[in-house]
Amino acid sequence: MFVQQLMNGVILGSTYALIALGYTMVYGIIELINFAHGEIYMFGAFVGLLLVTVLDIPFFLAFLLAMALGSLLGVTVEYLAYRPLRRSSRLSALISAIGASFFLSNLALLIMGSQPFSFPNPFEAKIYHTPLFIISRVEITVLLSSLILMIALTFFVQRTKIGKAMRATAQDKDTASLMGINIDRIITITFAVGSALGAAAGVMVGIYFRTVTPTMGFMPGLKGFVAAVLGGIGNIPGAMLGGILLGIAEVMGAAYISSQYRDAVAFALLIIILLFKPAGLLGRPAQEKV
Amino acid sequence: MLKVEGVSTFYGNIQALRQIQIKVKPGEIVTLIGANGVGKTTTLKTISGLIRASEGRVLFNGQDITAEPPHKIVEMGISQVPEGRCVFPRLSLRENLEMGAFIRQDKETIAQDVEQVFETFPQLKGRDRQLAGTLSGGEQQMLAMGRALMSKPKLLLLDEPSMGLAPMIVVEIFKIIEEINRQGTTILLVEQNAQLALKTAHRGYVMETGQVVLQGATDTLLNNDQVRRAYLGEG
Ligand SMILES: Nc1ncnc2c1ncn2[C@@H]1O[C@H](COP(=O)(O)OP(=O)(O)O)[C@@H](O)[C@H]1O
Ligand SMILES: [Mg+2]
């Protein structure tokens, strides 16, 4: 039973981790909490749903297309809502982010209506039994896809030239520009990659919980943000860790305390961890700006 | 090679530079000296595009670069070692050097040039994977200089390379500055250590409160009464 819950927690947590990565990457580069990120996730779920149901596109292709379009939406939001405010106060940008979030969820309500849509199961409903837990085909898909995306992201950020330039930009923008790095381009790439991951999470939650609604981005968006802060905002491994821990805590809380409090558990965990580690689990204590 | 023509720069309403005129010819080491807060760093930042001039022009090899963004200016051949070195603390030594070569595509020659940096700064050798933030101040200065050289600049801007370093290390760094110049890189050197800067450079400019107040060959400046009193602690 415990191992089963743990497993469920990790699966749920891996979707939070994907969402958290988008928050943390954007924050790392421009110190903005991109509140519209939850709506990118919602958008990804809808694109996946429509491609699979209306256009009858194979699931994995739909998944990739949803990531690509999510990426495009994220870049557009940055271009229209944040870039013009680059030199304004951080509060203006934050308000613009909240505005973008409301705008997108309301636009989705307008277009799609408030009825929940049900995501068809793209796979046969097969369940695998192991001695310690059972796991469905969908769950395996969610888990593996998240894992692959996280590994790919880590490779990208650690090994590629653009990934290194992203890290350099996060550490010191002016000096990065003195290296010949075009900061605007790095910001665009950051939004593109973060949003692709967010949209991927949307599709996965779509097939996992099977419902898609225009307001579905709110809670997971908030939890993804909590996960990013838990891990240490701006820190990529931290976002992964924070997401997984949050998923586990939520599932355990629902199983052993009360299922009514599953959301409360996320925020309680945030408060407790921040009391002891204000910078998050893997965050750096103070800003070292030379 | 570089011409700063009547450049004025503001921070909000505060004027930091007043109609600065500076010229650097190919092959020279030119130094810009002056007390803390007179606008030396602002001058370099205006040249490299980090701050916009509100008046005047910056010309590089005859081309007007006043309105170009920093990354374009690097591509044209100007590289800057910022004040306080500004290595990327959580990138490894090698990654810092790779970032210096960001504008280049030639993988093999980049690898060779990384080795070349290790030749020039033997203290950095064998420490590729160490995080730059864990280096000592002198080593960070060396890394920052090596990183700036990785873009193969025609003009190197150095902002107070001696800042906060032990005298022995400063001497070592200045020897390397001369060596870099001998190998064909033109240098604009900002310093508060006027003595050493004037001994190293060919020509110099003296700044006071946002203006150039004196200029000339460094031999002449070294013998100038005003310079000796104000910057060399004599008289
Ligand atoms: N970011 C900034 N905002 C406002 N004023 C600044 C800023 N940077 C420098 N200044 C001011 O501009 C003047 C010149 O500074 P700076 O160029 O750093 O001098 P130096 O490098 O010669 O010590 C100083 O009076 C300084 O206080
Ligand atoms: Mg200075």
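A residue counts as near a ligand here if one of its heavy atoms lies within 4 Å of it. With that in hand, welcome to a few close-ups of this predicted model.

**View 1. The residues around ligand 1 in chain B.** The shell is made up of B:Tyr11, B:Ala16, B:Ala35, B:Asn36, B:Gly37, B:Val38, B:Gly39, B:Lys40, B:Thr41, B:Thr42 and B:Glu83. By class, these residues are four nonpolar, five polar and two charged. Helix H1 of chain B (residues 40-48) gives the largest share of this shell, three residues.

**View 2. Polar atoms beside the oxygens of ligand 1.** Look for B:Thr42, which has a polar side-chain atom 2.4 Å from a ligand oxygen. The side chain of B:Thr41 places an N or O atom 2.7 Å from an oxygen of ligand 1. At B:Gly39 a polar backbone atom is 3.0 Å from a ligand oxygen. On its own, ligand 1 has 550 Å² of accessible area, and the protein covers 59% of it.

**View 3. Where chain A meets chain B.** Here 21 residues of chain A are in contact with 23 residues of chain B. The two chains bury about 2,200 Å² between them, with 62% of that on carbon and sulfur atoms. On the chain A side, A:Gln171, A:Leu178 and A:Met179 lose the most area to chain B, together accounting for 33% of what that side buries.

**View 4. Charged and polar pairs between the chains.** Two salt bridges link chain A and chain B; one of them joins the side chains of A:Arg167 and B:Glu95, at 2.9 Å from N to O. Six residue pairs are in polar contact across this interface, both partners at pLDDT 80 or more. Helix H6 (161-171) of chain A supplies seven residues, the largest share of the side that touches chain B.

Definitions and conventions: Residues numbered from 1 in each chain as written. Chains lettered and ligands numbered in written order. Predicted model: local features only at pLDDT ≥ 70, side-chain atom pairs only at ≥ 80, totals over all residues. Heavy atoms only, no water. Polar contact = N/O pair within 3.5 Å; in protein donor to acceptor, adjacent residues only side chain to side chain. Areas by Shrake-Rupley, 256 points an atom, 1.4 Å probe, with all protein chains shown as cover. Helix = DSSP H or I, 4+ residues; strand = E, 2+ residues; numbered from the N terminus. Nonpolar A, V, L, I, M, F, W, Y, C, P; charged D, E, K, R; others polar. Contact = heavy atoms within 4.5 Å. Buried area = accessible area lost by both parts, 1.4 Å probe. Salt bridge = Lys/Arg side-chain N within 4 Å of Asp/Glu carboxyl O.
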